[in-house]
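Please read these comments with the coordinates open beside you. They are meant as a colleague's reading of the fold and its packing.

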Amino acid sequence: MATIPTDLLSDLKQDIPPSGSWVIEATLPQLQPAEDHIYSLVVREPGEIWILKYEKLFRYLTSTNSWKEYSAIGDLIASPKSLYVSRLGTLWGIDLSQYGELDNAQEMPFLIRFDEETESFHFVRDRDNLLNSNMDLVGISEPNENNQEIWMLTVENKDQTIKYSLISFNVETLQATVHFKKQVSWFNNTSPISSLTDMAITPDGRVWIMDRGQEQLLYYDPSSGSSGIYQGNPGAIDGLSGEDLRDSHYLYVDRLGQLWIDDRGWLDFSNPNNPVWH
């Protein structure tokens with residue numbers, strides 16, 4: 001387990017909001033216990049807050065202190081995974097709707113977009129139909145600086161083969177691009193196989209992917225198209241190679257731009273060319 005140095009703690013304390021009393025602005029409508037988890041919370045514009053919970057999506061307007069629920073897209077139950085606001089103010093969602101009532105041969109898109117005129121969500125296909133219901137979502141990025149692209153890590157299971165893809169989606173051109181693929185077969189495979197569980201984007205633009213099956217951290221650099229495995233300092237006793245990552249799942253970039261693996265420790269990017277594990 002990593003320890004946080006004193007100088008870093010002092011920096012964190014400066015970013016923590018000052019003490020004071022909290023004021024309850026609004027209370028969500030009554031929900032069932034199974035729904036008591038917030039998957040995403042975004043602000044589309046000042047005074048308009050969107051909250052995503054289990055199979056339910058709420059919009060809250062501060063001016064009227066009112067809630068509106070969105071739980072369906074057409075005749076389908078909507079089960080969005082994440083919400084995203086583009087630089088144009090358009091609200092997007094990654095949807096994992098229940099397709100059981102549809103023809104199994106029909107491939108549905110899992111992108112949805114909010115239409116202000118009709119105040120409803122609609123499915124959106126990317127230009128080449130790469131993003132569809134045959135995929136499951138492993139991870140999705142926070143908006144990047146220009147709020148124009150969504151990055152996602154997807155997985156497909158077919159014929160005893162698992163195929164992972166790192167895909168970017170441009171919200172203005174509707175172009176989806178596959179940047180990175182990793183395919184593994186688990187049939188008669190007795191050695192550990194890759195199991196990609198999450199992704200995150202660091203301030204330098206690199207995409208990082210957690211592979212707990214191989215106990216390693218992968219990276220992809222969009223500016224050069226290069227990819228690889230974070231090596232760090234293999235000889236260091238307290239380096240990443242000394243960590244047991246078989247039970248690790250999540251990646252997170254904190255407000256200081258450091259990449260965390262669960263609560264095991266973080267990569268310090270003070271030297272972007274040689275990030276150091278703590």
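The points below take up strand pairing and then the nonpolar cores.

1. Please bear in mind throughout that this is a predicted model, and that the remarks which follow describe the model as it stands.

2. Strand β1, covering residues 40-45, runs antiparallel to β2 and is joined to that strand by five bridges; within this pairing, Val42 has Trp50 of β2 as its bridge partner. The hairpin that these two strands form has two residues between them, and Gly47 there adopts a positive phi near 85°.

3. On its other pairing, β2 meets strand β3, residues 56-61, again in the antiparallel sense and over six bridges, with Lys53 standing opposite Lys56 of β3. Strand β2 itself, residues 48-53, is mostly covered, since five of its six residues are buried.

4. Turning to the packing, the largest nonpolar core contains 15 residues, and Trp92, Leu131, Ile150, Met152 and Phe169 are those with the most contacts inside it. At least two residues of this core come from each of β8 (91-95), β12 (149-158) and β13 (161-170). As general background, nonpolar side chains tend to be buried together in soluble globular proteins.

5. Trp92 deserves a look of its own: once its neighbours within four places in sequence are set aside, the residues in contact with Trp92 include Ser82, Tyr84, Ile112, Arg113, Val124, Ile150, Phe169 and Leu174.

Conventions: Residues are numbered from 1 along each chain as its sequence is written. This is a predicted model: local features need pLDDT of at least 70, side-chain atom pairs count only at pLDDT 80 or more; totals for chains, interfaces and linings use all residues. Side-chain values use heavy atoms; hydrogens and water are left out. Buried means under 20% relative accessible area, exposed over 50%, partly exposed in between (1.4 Å probe, protein chains only). Helices (H or I, at least four residues) and strands (E, at least two) are DSSP runs, numbered from the N terminus. Two strands pair if DSSP finds at least two bridges between them. A nonpolar core is a set of buried Ala, Val, Leu, Ile, Met, Phe, Trp, Tyr and Cys residues joined through side-chain atoms within 4.5 Å. Contact means heavy atoms within 4.5 Å.
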